[in-house]
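Biologist: Could you take me through this model, one topic at a time?

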Amino acid sequence: KVPYVVSGKSKVAVAINAASKTGEWIKSKLGDYKQLNTKVSSQDLVTEVDKGAEQMIRKLILTYCPDDEFLGEESVGAGAAASAQAINAVKDSEYVWIVDPIDGTTNFVHGFPYYCVSIALAHKGEVIIGVIYDPSHDELFVAEKGKGAYVHGNLMKVSQEATLGESLVATGFPADRGESLRLNMSGLNAIVPKVRSIRNGGSAALHLAYVAAGRLSAYWEIGLNAWDLAAGSLLVTESGGRIGDISGEDYHLAVRNVLATNGHIHQELMTELHEAGLQDIPAQK
Ligand code: 2AM
Ligand code: CA
Ligand code: CA
Ligand code: CA
């Protein structure tokens, strides 16, 4: 059974079908793959399912949109330099699909049900479609620029919390064990005592979808890539939230250090993070 297959050949229909079909296939491979490989460290995992899922999405999309460009995580070399170069090459493209076949591979590997397929379409550097599918919970998140963001067809709206004290926030721990981790721990130290509670689900894209759905008040993380953030960025803005670089810069495809909130607590959380040393984050290797 493949849920949410929609008819039509619009780009959003193509994205939805690719995300839901591939998500179901990924779920069917839980605990059933032969090889677990690491990229740059034992924290940086990749399986044959990540690669198979990316191939599946590429084929599903390019069959219907043969003139569009395609950027997938598993086709880019490891490390920040390779991903910066990959984004630079497509940021002015007419149409480019930016895809994370499994966001939350560590969760997938451990059977922790919090991972997703993330598919974005950017037009001349601006994200115009964002689709995220979470097969464990059978949740499909869809946003189109100017048309709102939906989960299960229901319009999403960010949460109303206006202070950190009443907020549930999320972060992620960087795979880079050097300065990025030290900075993140400094941020955690500062924020944990000020908020209602904190979560690390382990999927950047799902954290953004949860901010959009009003389930999280905010999310920040250091050292991410375009495929982690592109689809979720549109979910957040189309549901009334705010997303940008922790430094305060507006969101664009090359943002790596993300702060996404319901809007109301954006400034307060950003100020706290800056005071904790996250104002100018050095570039990762
Ligand atoms: P992934 O599962 O697609 O690799 C969790 O904190 C987030 O960090 C996830 O979105 C995860 O995406 C991403 N991530 C994991 N390893 C990473 C690495 N080595 N560099 C950058 N991001 C990473
Ligand atoms: Ca990865
Ligand atoms: Ca990812
Ligand atoms: Ca991935």
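Predicted model: local features only at pLDDT ≥ 70, side-chain atom pairs only at ≥ 80, totals over all residues.

Modeller: Residues are numbered from 1 along each chain as its sequence is written, and chains are lettered from A and ligands numbered from 1 in the order in which they are written.

Biologist: Into which domains is the protein divided?

Modeller: There is domain 1 (11–155) and domain 2 (164–278), with bounds from an automatic or database domain assignment. Their C-alpha centres lie 20 Å apart.

Biologist: How many residues does the contact take from each domain?

Modeller: Domain 1 gives 35 residues and domain 2 gives 25 residues; two residues are in contact if their C-beta atoms, placed from the backbone, lie within 7 Å. On the side of domain 1 that touches domain 2, at least two residues each come from several elements, including helix H3 (80–90), helix H4 (105–110) and strand S5 (116–123). Helices (H or I, at least four residues) and strands (E, at least two) are DSSP runs, numbered from the N terminus.

Biologist: And which residues are closest to ligand 1?

Modeller: They are Asp44, Thr105, Gly172, Ala175 and Ala204, out of 16 residues that surround the ligand. A residue counts as near if its C-beta atom, placed from the backbone, lies within 6 Å of the molecule. Domain 1 and domain 2 each contribute at least three residues to this shell.

Biologist: Which strand gives the largest share of the shell?

Modeller: Strand S4 (residues 95–103) does, with 3 residues.

Biologist: What is the shell made of, by class?

Modeller: It has 4 nonpolar, 7 polar and 5 charged residues. Ala, Val, Leu, Ile, Met, Phe, Trp, Tyr, Cys and Pro count as nonpolar, Asp, Glu, Lys and Arg as charged, and the others, Gly among them, as polar.

Biologist: New topic. What is the strand order in the sheet of 7 strands?

Modeller: The order is S3-S4-S5-S6-S7-S8-S9, an open sheet with mixed pairing; two strands pair if DSSP finds at least two bridges between them. Strand S3 (69–72) and S9 each have a single partner strand, so one side of each lacks a neighbour in the sheet.

Biologist: How do S3 and S4 pair?

Modeller: They are parallel, over 4 bridges, and Gly72 stands opposite Val99 in S4. Helix H2 (residues 48–64) packs on this sheet, touching S3, S4 and S5, and its direction makes about 150° with that of S4. Axes are lines fitted to C-alpha atoms, for helices over the stretch in contact, and angles run from 0 to 180 degrees between N-to-C directions.

Biologist: What about S7 and S8?

Modeller: S7 and S8 run antiparallel, joined by 4 bridges, with Phe141 opposite Val151 in S8. Their hairpin has 3 residues between the strands, and Gly146 there takes a positive phi near 80°.

Biologist: And how many residues lie between S8 and S9?

Modeller: That hairpin has 2 residues between the strands, and His152 in the turn has a positive phi of about 55°. Tyr150 has Leu155 in S9 as its bridge partner.

Biologist: What is the order in the sheet of 5 strands?

Modeller: The order is S11-S10-S12-S14-S13, again open with mixed pairing. Neighbouring strands here are turned by 15° against each other on average, direction ignored. Strand S10 (residues 168–171) and strand S12 (residues 218–221) are parallel over 3 bridges, with Val169 opposite Ala218 in S12.

Biologist: Which strands does helix H6 lie across?

Modeller: Helix H6 (residues 204–212) lies across S10, S12 and strand S14 (258–261), at about 155° to S12.
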